[in-house]
Amino acid sequence: MKDFIEVKNLSYSYGDFSALENIFFKVAKEQIIAIIGPNGSGKTTLLKNLIGLYSPSKGEILIAGKKPFDYRKNIGYVPQRFDFDRQTPITVKEFMGLERCSKHSHSLKNIKKVLQEVGADKLEKQQLSSLSGGQFQRVMIARSLLHEKELLIFDEPATGIDMAGEHTIYDLILKINKERKTTCIIVSHELNVVNKYAEKVLCLNKSMVCYGQPEVVINEETLHKLYGVGAGLYHSH
Amino acid sequence: MGEIFQYTFMVRALIAGIFSALTLGALGAFVTTRKMSFMGDGVAHASLAGIALAILLGWAPVPVALGFSVIIALLIYFLEKKIKISADMAIAIIFTTGMALGILLLSFYQGYQPELISYLFGNILTISNIDLIAIVAVSVLVLGFLLFFYRRILFSTFDSVGAYLSGLKVWLYDIFLYIAIALAVIVSIKLVGIILVSALLVLPSAISRLFSQSFKSFILLASLSALIIVVSGLILSYYLNLPSGATIVLLGTCLFMVASLIKGLRG
């Protein structure tokens with residue numbers, strides 16, 4: 001299968017602090033890959049390089065042969081936390097409609113359609129601040145579907161959601177991947193999620209610990225390198 | 001009531017007030033959403049350096065202050081986005097530096113400078129036809145900008161990463177917005193003064209937030225609140241012979257307190 005994303009010897013530093021060192025991996029089109037690693041391991045930094053918000057200190061990233069900045073309009077991004085002032089009165093419909101100013105304008109009908117697709121059609125008139133964690137993530141996912149984007153990136157999409165809701169979110173991502181044929185990158189802490197949904201996993205702890213099929217690369221040694229814990233944690237999953 | 005319109009200075013003040021209120025009210029919705037409530041204060045206070053320079057050189061203070069405010073807006077943007085310090089810290093640095101520079105420049109001026117007091121506290125008697133033209137022109141420009149680019153400015157304000165991914169030049173809309181705020185604040189200085197002008201950015205938004213269900217209604221209600229506060233404040237200050245700037249701001253505070261009470265009682 002042809003490589004859709006190519007990350008070549010990527011390093012990124014915040015001033016003198018090195019956040020990522022020599023990362024290299026390839027992702028085929030329509031795959032779901034998971035990124036795991038402890039807090040501060042560089043997961044979000046890697047995602048920000050992938051969406052072109054940060055430029056690599058060394059190495060390069062190519063998505064469909066283009067640099068992330070040039071490819072960014074085809075990327076949907078669901079951040080771990082969407083920081084906004086909860087007092088700001090903005091409805092789901094207004095929020096979804098913000099992208100209508102871009103060149104790839106979409107109709108209000110399309111907003112209804114994608115909200116329906118993620119099971120959030122009844123939220124259209126609600127204020128963003130009144131949504132629960134799960135509802136909010138559904139709206140964020142719906143927004144990323146507005147322009148038929150080819151690559152969807154989810155940074156811990158189930159943060160703050162209960163276990164039942166968590167699986168609904170991941171099932172939704174899987175459904176989008178299958179039906180829309182999008183490539184998905186998911187950052188997750190949940191090993192069971194990685195095993196169930198991801199075709200490949202990238203284990204990150206500033207540098208690459210492993211990359212491959214979850215059932216092959218996740219083992220006691222990998223977990224020890226990642227989290228400093230071993231078999232107990234792995235078997236509990 | 002009609003006698004108020006017999007005085008040219010009051011007519012000028014009311015027209016200036018209406019335009020300033022609509023502009024600052026609408027801008028306030030974006031300023032407070034960006035958590036930059038002190039932006040108005042920072043620009044107004046820092047502009048003292050421009051006003052002092054103009055007074056010292058015998059130039060017209062408002063055009064100099066307008067030019068100066070654009071530099072201030074760009075400096076705040078540069079410190080916040082390029083040097084990566086927080087917005088409140090960037091504003092505080094520019095605020096105090098501008099004030100210090102203004103005080104230093106004024107120390108070279110010999111004698112009492114009555115015009116300076118009108119800039120500090122506002123004086124509707126000093127609003128000239130030229131000032132009025134500047135207020136109307138800046139207001140039309142800023143309101144036109146907000147209307148034409150509404151969705152883009154809101155996108156950059158509310159979700160800068162999303163706006164970037166959709167291909168918007170976020171930096172450009174940020175800079176335009178900062179300059180728009182700076183210009184609108186400077187032309188309103190004669191109405192309420194350097195010290196109080198930022199209240200017109202913040203108070204109407206604070207009132208509007210309590211009752212708005214969407215961002216559009218937030219902006220409209222903020223502009224309407226600003227209009228009520230400024231026009232009522234000017235009329236009240238005329239009949240009670242009170243300083244207009246302080247009356248406008250205190251009236252705004254009263255309205256905010258009443259609105260909060262109503263909101264609290266409604267639950």
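Residues are numbered from 1 along each chain as its sequence is written, while chains are lettered from A and ligands numbered from 1 in the order in which they are written. Because this is a predicted model, local features need pLDDT of at least 70 and side-chain atom pairs count only at pLDDT 80 or more, though totals for chains, interfaces and linings use all residues.

Let us start with chain A. Its secondary structure comes to 10 helices and 9 strands; here helices (H or I, at least four residues) and strands (E, at least two) are DSSP runs, numbered from the N terminus. The radius of gyration of chain A is 18 Å, close to the 18 Å that the globule rule gives for 237 residues, so chain A is as compact as a globular protein of that length. That radius is taken over C-alpha atoms, and the globule rule is 2.2 Å times the number of residues to the power 0.38. Taken along the principal axes, the C-alpha atoms of chain A fill a box of roughly 50 × 40 × 40 Å.

For a closer look at chain A, find strand β8 (residues 200–205) and strand β9 (residues 207–212), which pair in the antiparallel sense over 5 bridges. Two strands pair if DSSP finds at least two bridges between them. Asn205(A) has Ser207(A) in β9(A) as its bridge partner. The hairpin of β8(A) and β9(A) has 1 residue between the strands, and Lys206(A) takes a positive phi near 75° there.

Now turn to chain B, which has 14 helices and 0 strands. Its radius of gyration is 18 Å, close to the 18 Å that the globule rule gives for 267 residues, so chain B is as compact as a globular protein of that length. The C-alpha trace of chain B spans about 55 × 45 × 30 Å along its principal axes.

How do its helices pack? Two packed helices are described by the angle between their axes and the distance between the axes. Axes are lines fitted to C-alpha atoms, for helices over the stretch in contact, and angles run from 0 to 180 degrees between N-to-C directions. Angles under 35 degrees count as roughly parallel, over 145 as roughly antiparallel, 65 to 115 as roughly perpendicular and the rest as oblique.

Begin with helix α1 (residues 8–33) and helix α13 (residues 215–240) of chain B, whose axes come within 7 Å and cross at roughly 150°. That makes α1(B) roughly antiparallel to α13(B). The residues of their contact divide into 18 nonpolar, 6 polar and no charged. In this count Ala, Val, Leu, Ile, Met, Phe, Trp, Tyr, Cys and Pro are nonpolar, Asp, Glu, Lys and Arg are charged, and the others, Gly among them, are polar.

Helix α13(B) also meets helix α12 (residues 199–211) of chain B: the axes come within 8 Å and cross at roughly 125°, which makes α12(B) oblique to α13(B). This contact has 10 nonpolar, 3 polar and 1 charged residues.

A further pair in chain B is helix α8 (residues 150–158) and helix α10 (residues 170–187), with axes that come within 9 Å and cross at roughly 100°. That makes α8(B) roughly perpendicular to α10(B). Arg152(B), Ile153(B) and Ser156(B) of α8(B) make the contact with Val170(B), Tyr173(B), Asp174(B) and Leu177(B) of α10(B); two residues are in contact if their C-beta atoms, placed from the backbone, lie within 7 Å.

Finally, the chains touch each other through 22 residues from chain A and 21 residues from chain B. On the chain A side there are 10 nonpolar, 5 polar and 7 charged residues.
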